[in-house]
Amino acid sequence: MHYKIVLFIYLLSLSLTAQIQEKVDFTKATLNISVLPDSKEIKGNVTYNFKVLQAIDSIFLDAKNMTFTSVKLKNKNVTFKTNDEQIIIKKNLKKDKSYTLQLEYTAKPKQTVYFIGWDKNSTHNQVWTQGQGKYTSHWLPSFDDMNEKVEYDLNITFDKNYEVIANGKLTNKKTNDTSTTWFFDMEKPISSYLLAFAIGDYNAKVLESKSGIPIELYYYPNDSLNVEPTYRYTKKIFDFLEDEIGVAYPWQNYKQIPVKDFLYAGMENTTATIFSDGYMIDEDAFIDKNYVNVNAHELAHQWFGDLVTEVDGHHHWLQEGFATYYALLAEKEIFGEDYFYWKLYDTAQILQSNSENNKGEALTNDKASSLTFYEKGAWALVMLKNKVGAKAFKKRIKRYLEKYQFENVKISDFISEMEHASETDLSDFYSEWISGKQFPTEKVFEYLKNNSESIATYLSLQKNITGLETSIDSIKAIDTTFFNTTSTKLKKHILNTYSEHLISNTIKKQILTSNELLVRQALIKNTSKIDTKLKALYESLLNDKSYITIENALYKLFLNFPEDRNLYLDKTSTTIGFPDKNVRLLWLTLALVTENYNSLKTKEYYDELGSYTGKEYSPETRETAFQYLYQTFGFTDFHLKNLLQATAHHSWRFKKFARGLTDELLKDEDYKNRFKAMLPNLNEEENHYIKSKLN
Ligand SMILES: [Zn+2]
């Protein structure tokens with residue numbers, strides 16, 4: 001899910017309908033595992049306690065491609081069968097009896113556990129997990145069914161020089177010569193997709209919420225200066241959500257851990273959110289790409305998703321819609337009302353256009369897009385609160401969470417709670433917002449107009465301009481609106497909407513002499529031709545504290561004023577940009593295509609740009625480096641090898657990009673022959689895709 005350059009990819013994958021085991025109730029699990037990075041294996045044992053609800057002759061656990069060395073029921077060996085998916089234990093079990101089941105196993109997970117680094121030259125070694133959509137049963141015999149909630153206590157043994165973080169509270173650490181065992185305690189049951197651990201080189205900063213919950217913020221030792229901008233407002237968000245939701249945070253502590261090459265923006269594992277280290281940002285990046293929204297979103301899931309969990313994918317709105325909605329409220333608290341309503345406006349526009357193109361989806365559709373689950377889902381709650389009233393809404397959210405805590409929920413459970421609140425029948429609301437496919441555009445825009453003056457002004461400007469005959473009249477109308485507002489969002493939207501010849505030089509001058517960073521950014525993004533009279537003012541953008549502004553300004557000034565290219569390059573030669581190195585990658589490309597710019601360093605620049613295609617860099621960095629090279633100089637064999645390696649990357653988005661680019665290159669005979677020549681020197685994984693294409 002993303003609207004701009006910055007990508008916010010949330011979790012989309014849903015659990016498939018898992019086999020349900022209703023006659024037994026698993027209550028507690030104690031897990032002792034060793035994580036083995038050299039063989040990429042998990043080895044250990046788990047003890048489950050369960051109760052038999054109805055007499056039964058067999059039980060099973062989901063266990064993908066595991067080897068079991070011992071299986072004991074009530075301390076006695078039992079016979080068992082395994083297949084690629086499960087372990088099945090045949091035994092007559094009596095109603096109302098409690099049992100313990102001990103399993104000793106080795107797993108070699110193909111997914112769900114990711115070993116990053118761990119080769120000879122790697123300096124950045126990590127292991128982390130992603131349960132949702134990937135199945136914890138790849139590393140632990142467990143339950144792919146979200147309805148089976150178990151209290152899991154994780155004990156993990158690993159090299160003592162690393163830090164291990166998992167669900168729950170760290171109660172003990174035991175170290176011998178080389179390894180440490182970390183003991184984690186959970187007090188309440190969770191679905192197994194929320195189990196997680198992360199291992200790496202970390203330090204932590206510890207805060208405490210107003211209510212006394214410890215909040216641990218992890219970071220890489222050399223990232224200490226980025227801790228403040230990255231985790232800015234964390235305590236404020238935490239305190240706000242506890243207060244707004246009205247139910248105390250349900251777990252013992254809260255931890256946030258950045259990891260390399262993560263699959264999504266963030267994942268709300270109970271007490272242990274894992275997120276992409278692309279959000280570990282410096283001060284200057286904050287304005288454009290910060291962690292605030294993801295921070296609030298994953299925290300809101302600790303209630304909506306982790307405390308009360310959907311029965312299945314048809315009820316996914318109860319997780320993603322709610323997390324998106326509460327994150328938006330937290331952002332409103334931090335960035336203000338104008339931010340809140342314009343963000344809703346932006347999503348309403350996309351939802352409206354989808355709906356008009358017959359792509360509208362019901363919130364009850366388990367295959368719906370993330371746009372539906374997240375954004376339409378949040379909108380449904382905005383409108384529901386508007387309908388039943390803020391006070392009643394809050395009261396019933398609290399009731400709903402308390403009534404269903406540590407259990408699973410359906411949309412009907414939530415709706416009936418709300419019906420009690422408002423003492424009104426919500427069937428119209430349900431058919432319009434939940435089961436209906438169309439986006440209720442008219443009501444939504446009416447709501448926005450009534451609540452936001454700047455949006456009302458913008459909508460009337462749009463209406464006004466369509467009626468005007470000449471561009472001079474349009475310029476005048478835009479001028480008047482622009483100079484009469486203090487809303488940054490309105491100014492930005494005007495610049496994004498109207499073509500640059502309708503924006504007067506008076507407006508441009510005003511912007512370029514102001515310090516409204518986001519309006520300045522909108523101006524440069526929407527500029528192609530720079531008026532020579534405004535050249536010096538445009539050059540001031542290179543000093544802005546925004547990496548998006550600098551990237552755009554460098555590129556546009558470079559194109560508009562070839563005579564000053566060296567000057568612009570000198571001025572930005574030390575700027576790196578976001579963690580994905582947006583400015584540096586552009587800079588290297590421009591430096592290389594500029595004749596006579598630091599000619600002695602040409603090779604150095606070229607090697608540096610090429611090095612960013614390598615696997616030690618993030619998918620975002622690599623993708624941009626590949627694109628710049630493709631558009632300018634083409635690829636060496638070194639780049640091609642990195643590209644082939646990327647065709648098997650665990651991030652589906654990056655893998656798709658790499659495969660698309662490879663397909664493109666294969667249309668060229670020269671590249672095709674070079675790929676062929678490389679085959680003998682590739683490993684099996686790298687070979688896989690290109691071989692299938694060459695045959
Ligand atoms: Zn989410």
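The donors of the zinc ion are spaced along the chain as H-x3-H-x18-E. In this predicted model, the protein donors are His297, His301 and Glu320. The two histidines each contribute NE2, and the glutamate contributes OE. These donors lie 2.0 to 2.1 Å from the zinc ion. Histidine 301 belongs to helix H3, which spans residues 292-301. Glutamate 320 belongs to helix H4, which spans residues 317-335. Histidine 301 is buried. Glutamate 320 is buried as well.

Helix H3 also holds alanine 300. The relative accessibility of alanine 300 is 0%, so this residue counts as buried. The cut-off for that class is under 20% relative accessible area. Beyond its neighbours within four places in sequence, alanine 300 is in contact with Leu241, Ala323 and Tyr326. A further pairing concerns glutamate 268. Alanine 300 and glutamate 268 are separated by 32 residues in sequence. In space, their C-alpha atoms are 8.6 Å apart.

Elsewhere, three strands form an open sheet in the order S3-S7-S6. The pairing is antiparallel. Strand S3 (56-62) and strand S6 (80-82) stand at the edges. Each has a single partner strand, so one side of each lacks a neighbour in the sheet. From one strand to the next, the twist averages 25°. Strand S7 covers residues 86-93 and is joined to S3 by six bridges. These two strands run antiparallel. Within this pairing, serine 58 has lysine 90 of S7 as its bridge partner. In general, the strands of a sheet pair through backbone hydrogen bonds.

Helix H12 comprises residues 471-483, and helix H14 comprises residues 505-512. Their axes come within 10 Å and cross at roughly 25°. Angles under 35 degrees count as roughly parallel. H12 and H14 are therefore roughly parallel to each other. On the H12 side, the contact is made by Ile478, Asp479, Phe482 and Phe483. On the H14 side, Thr506, Ile507, Gln510 and Ile511 take part. By class, the residues of this contact comprise five nonpolar, two polar and one charged.

Methods:
Residues are numbered from 1 along each chain as its sequence is written. This is a predicted model: local features need pLDDT of at least 70, side-chain atom pairs count only at pLDDT 80 or more; totals for chains, interfaces and linings use all residues. Side-chain values use heavy atoms; hydrogens and water are left out. Axes are lines fitted to C-alpha atoms, for helices over the stretch in contact, and angles run from 0 to 180 degrees between N-to-C directions. Helices (H or I, at least four residues) and strands (E, at least two) are DSSP runs, numbered from the N terminus. Angles under 35 degrees count as roughly parallel, over 145 as roughly antiparallel, 65 to 115 as roughly perpendicular and the rest as oblique. Contact means heavy atoms within 4.5 Å. Ala, Val, Leu, Ile, Met, Phe, Trp, Tyr, Cys and Pro count as nonpolar, Asp, Glu, Lys and Arg as charged, and the others, Gly among them, as polar. Two strands pair if DSSP finds at least two bridges between them. Donors are N, O and S atoms within 2.8 Å of the metal (3.2 Å for Na, K and Ca); water is not among the atoms, so sites may look incomplete. Buried means under 20% relative accessible area, exposed over 50%, partly exposed in between (1.4 Å probe, protein chains only).
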